[in-house]
Amino acid sequence: TSAAGSTTLMPCREQPAAQDAAFISIQAFPALLDLPQNLEVSAVSCGSRHTAVVTRGGELYTWGWGKYGQLGHGTNVSCDQARRVEHLVAKGLRVEEVVCGPWTTYIRVREPRAQDQGCCQVGDEGELCSAGPAPGP
């Protein structure tokens, strides 16, 4: 945190193949989230080695092990600090729900104009794949 009270997000680092397991430490107890000060979190989900949060404004932040693209940043790079998924912001998609699997991240989004809900999967090197309309009411 800087003197002005804002949080500085650290850049992601490329993982050497031999050090994949050592890069992101596994933490078996609760910890405070280090997010920018002005964000209000509405949902959190944890995978086996990554975490995702949704803000009240509909932004998705992810961090942790990114070997399979589950962080959604368009690479297989791991991050030890929360980072906003810029692809969703660029597309005008508002995230409403997130569920992390062992090596995947699923999100439910609200599209900007049609107000239709849809489901997406983050994975395969950060690509978003449409999975059709969201089930339910």
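Modeller: Two strands are said to pair if DSSP finds at least two bridges between them, and strands (E, at least two residues) and helices (H or I, at least four) are DSSP runs numbered from the N terminus. This is a predicted model, in which local features need pLDDT of at least 70, side-chain atom pairs count only at pLDDT 80 or more, and totals for chains, interfaces and linings use all residues. Residues are numbered from 1 along each chain as its sequence is written, and side-chain values use heavy atoms, with hydrogens and water left out.

Colleague: What joins β1 to β2, and how many bridges are there?

Modeller: A hairpin of three residues links β1 to β2, and the two strands run antiparallel with five bridges between them. In one of these pairings, Cys46 has Thr51 of β2 as its bridge partner.

Colleague: Which residue stands opposite Ala52 in β3?

Modeller: Ala52 faces Thr62 there, and β2 pairs with β3 (residues 60-64) in the antiparallel sense over five bridges. The hairpin of β2 and β3 has four residues between the strands, and in it Gly58 takes a positive phi near 90 degrees.

Colleague: Why is strand β2 described as largely enclosed?

Modeller: Buried means under 20% relative accessible area, exposed over 50%, and partly exposed in between, with a 1.4 Å probe and protein chains only. Six of the six residues of β2 (residues 50-55) are buried, so the strand is largely enclosed by the rest of the structure. His50, Ala52 and Val54 point one way, while Thr51, Val53 and Thr55 point the other way.
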